[in-house]
Amino acid sequence: MEDVRSIISYRIDEYGSVKVKLAEVLNSRGITRNRLRTLTGVKYEVIDRYYQNHVERVDLDFIAKVCYVLNCKVEDLLEYSNPDG
């Protein structure tokens, strides 16, 4: 298990980050945040936080709703960036 690393003593810049790509997906499809609100029933404020990538904890129910409505995959909405490159 050489690929396993502990994150207990690491800083965020050492283990990477996850980017929410909702804005990119919506813009590429010509869908507004308000339209997504209507299609999913999720509050505009919640959608706006994901749109602006201001999310600390991901709501899997929200991600599932968006994937269903937009007929996309989770990896279309979330992207992990490794700090090593």
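Colleague: Which residues in α2 meet α4, and which ones in α4 do they meet?

Modeller: Bear in mind that this is a predicted model. On the α2 side there are Leu22, Ala23, Leu26 and Asn27. They meet Ile47, Tyr50 and Tyr51 in α4.

Colleague: How many of those are nonpolar, polar or charged?

Modeller: The contact of α2 with α4 has six nonpolar residues and one polar. It has no charged residues.

Colleague: And at what angle do the two helices pack?

Modeller: About 100°, with the axes of α2 and α4 7 Å apart. Angles from 65 to 115 degrees count as roughly perpendicular, so α2 and α4 are roughly perpendicular to each other.

Colleague: Switching to α5. Which of its residues are buried?

Modeller: Helix α5 spans residues 60–70, and its buried residues are Phe62, Ile63, Val66, Cys67 and Leu70. They cover an arc of only 130° around the axis, so they sit on the same side of α5.

Colleague: What covers them?

Modeller: The cover includes α2, α3, α4, α6 and β2.

Colleague: Which exposed residues does the face turned away from the buried side carry?

Modeller: Leu60 and Tyr68 are the exposed residues on that face of α5.

Colleague: Now the helix ends. What caps the N-terminal end of α5?

Modeller: Asp59 does. One of its side-chain oxygens lies 2.9 Å from the backbone nitrogen of Asp61.

Conventions: Residues numbered from 1 in each chain as written. Predicted model: local features only at pLDDT ≥ 70, side-chain atom pairs only at ≥ 80, totals over all residues. Heavy atoms only, no water. Axes fitted to C-alpha atoms, helices over the stretch in contact; angles between N-to-C directions. Helix = DSSP H or I, 4+ residues; strand = E, 2+ residues; numbered from the N terminus. Parallel < 35°, antiparallel > 145°, perpendicular 65-115°, else oblique. Contact = heavy atoms within 4.5 Å. Nonpolar A, V, L, I, M, F, W, Y, C, P; charged D, E, K, R; others polar. Buried < 20%, exposed > 50% of the residue type's maximum accessible area, 1.4 Å probe, protein only. Arc of directions from axis to C-beta. Polar contact = N/O pair within 3.5 Å; in protein donor to acceptor, adjacent residues only side chain to side chain.
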